[in-house]
Amino acid sequence: MISVCIPIYNTDVTKLVTDLHLQCEALDAPYEILLIDDASDLPFQTINRELSKLENIHYEELPVNISRAKIRNLFPQKAAHPYLIYIDNDAQVCSPHYISTYIKMRSPGIVCYGGCEYLPCKDSQHSLRWLFGMYREAISIETRKEHPDQYFSTFNFMIDKRVLLLTHFDESIQEYGYEDVVFHTEIIKQGHHITQVNNPLIHTGIISNDEFLKRTESALENLYLLQESGNDKVDLTETVKLLKTKSKIDRLKLTRLVSFSFQLLKKSFIKNLLGNKPSLFVLDLYKLGYLCTYSRQK
C-alpha cells in the first residue's frame, strides 16, 4: 500500500523512524519504510543501522555521496508499494494520524503536499532560518488550498509511484538548492495538480544564521546556472519570484546599478541578517543583489 521514503545524511533518524513505524504497525495495511543513507559519517551510520532490526524497515548505505535529486530517484526503483511518502530526515512527527491521513488520500495520479510547522525559536543565532521557515514555508492549509498548485516541498509529500517513474528529479542538478522547485514545475507542466492536506511535520533542521546565509548564496548560484543552462524542461522565470524580478531589472538595464548598490550595502545587510533581529525584507534585498552581482561575474 505505502512505502515511506527517507533519504538520510548525517542525522540520527531514530525518533522519526520509530514514531512512523509505530503508526504503520497500528494500521491493518501493507507498508515498508525505506532508509537510504547518503554516505553519512560513521557515527550516524552506526546509530541508524539499528533501525534495520525493526520489521518492514529496509536500510541501505550508499558508498559515496550523491546528489539530493539522485537519491530521491532511487526510492521508486526500490519501493514495493504503489504510493510513496517522502520525508526529509530533519522532520519530526507531530500527529498520531500522520500515516493514516495520507492513506486516506490515495488515488491514481495523486501528488499530495502535507505542509510543515516550526517550534518556537529560543536561540537568536538560529533566528534567520526560523524566521524564513515560519513566514515563507509554514503556510496555513487555508492559504495553500486557495492556490493549491503554488505550494509544494519535498520535505513532506505523498505521490503515486507511477507519476514519479515518469517525472524524475533532475539529476543534472548536482549542487544544493532549487531541485524541488524544478521537480514541482515539471509536475505541473505534465498536467498534474497538487492536492493540499493538513498533515504537517515539524521542521527541525534549524541551522545557524551564518550557515543559512552561506546555503542561500550557494542556492542562488545554482539557481542562476539552472536558468542559464537552457534546460528545455522548465522555465523558472515564471515560477521563482526572484528570477522574475531580476528579469525585469535586466530588461530595464539596471543590473549593474543593483549590483553596485549591493556591494555598498552588503556589510550592513550581513550585520542585520546575522544579528539578533534579522529581517526577511533585508534577506530579499540581499538575495536580489547577490544574484545580480553573481550574474555579472559570469
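Okay, before anything else, one definition: buried means under 20% relative accessible area, exposed means over 50%, and partly exposed is what falls in between, using a 1.4 Å probe and protein chains only. By that cut-off Phe-157, at 0% relative accessibility, is buried.

Now, what are we looking at? This is a predicted model, where local features need pLDDT of at least 70, side-chain atom pairs count only at pLDDT 80 or more, and totals for chains, interfaces and linings use all residues. Residues are numbered from 1 along each chain as its sequence is written, and side-chain values use heavy atoms, with hydrogens and water left out.

A pair of aromatic rings is described by the distance of the centres and the angle of the planes. Here's the rule: rings of Phe, Tyr and Trp (its six-membered ring) pair if their centres lie within 6.5 Å, and planes under 30 degrees apart are stacked, over 60 edge-to-face, and the rest tilted. How many aromatic pairs does the structure hold? There are 15. One of them joins Phe-152 and Phe-157: the centres are 5.0 Å apart and the planes stand at 65°, so we call this pair edge-to-face. Phe-152 is buried too, at a relative accessible area of 13%.

Phe-157 also pairs with Phe-183, and this time the rings are tilted, with 6.4 Å centre to centre and 50° between the planes. I like this one, since it links distant parts of the chain: Phe-157 is in strand S8 (residues 156-160) and Phe-183 in helix H8 (residues 179-189), 26 residues apart. A word on those labels: helices (H or I, at least four residues) and strands (E, at least two) are DSSP runs, numbered from the N terminus. Phe-183 is buried as well, with 2% relative accessibility. Step back, and ring pairs connect Phe-75, Tyr-86, Tyr-113, Phe-152, Phe-157, Phe-169 and Phe-183 into a cluster.

On to charges. A salt bridge here is a side-chain nitrogen of Lys or Arg within 4 Å of a carboxyl oxygen of Asp or Glu. That rule gives twelve salt bridges. Take Glu-61 and Arg-49, whose side chains meet at 2.6 Å, N to O. Glu-61 is partly exposed at 27% relative accessibility, and Arg-49 is partly exposed at 34%.

Glu-60 is partly exposed at 29%, and Lys-78 is partly exposed at 40%.

One more: Glu-137 and Arg-129 meet at 3.2 Å, N to O.

Now a sheet. Strands of a sheet pair through backbone hydrogen bonds, either parallel or antiparallel. In our terms, two strands pair if DSSP finds at least two bridges between them. Three strands make an open sheet in the order S5-S10-S7, with mixed pairing. Strand S5 (91-93) and strand S7 (116-117) stand at the edges with a single partner strand each, so one side of each has no neighbour in the sheet. S7 pairs with strand S10 (residues 201-203) in the parallel sense, over two bridges. Glu-117, for instance, has Ile-202 in S10 as its bridge partner.

Last stop, the loops. Most residues other than glycine have a negative phi, and most peptide bonds are trans. Ala-39 has a positive phi near 55°. Ala-39 sits in the loop between strand S2 (31-37) and helix H2 (42-49), and is partly exposed at 22% relative accessibility. Lys-253 has a positive phi too, of about 60°. Lys-253 is in the loop between H10 and H11 and is exposed, with a relative accessible area of 75%.

In the loop between helix H10 (241-251) and helix H11 (255-273) you'll also find Leu-252, which is exposed at 60%. Leu-252 belongs to a nonpolar surface patch with Leu-254 and Leu-257, with about 290 Å² of accessible area together. Patches take residues with over 30% relative accessible area and no salt bridge, joining like charges within 9 Å and nonpolar side chains (Val, Leu, Ile, Met, Phe, Trp, Tyr) within 5 Å. The areas come from the Shrake-Rupley method with a 1.4 Å probe, and for residues only the protein chains shown count as cover.
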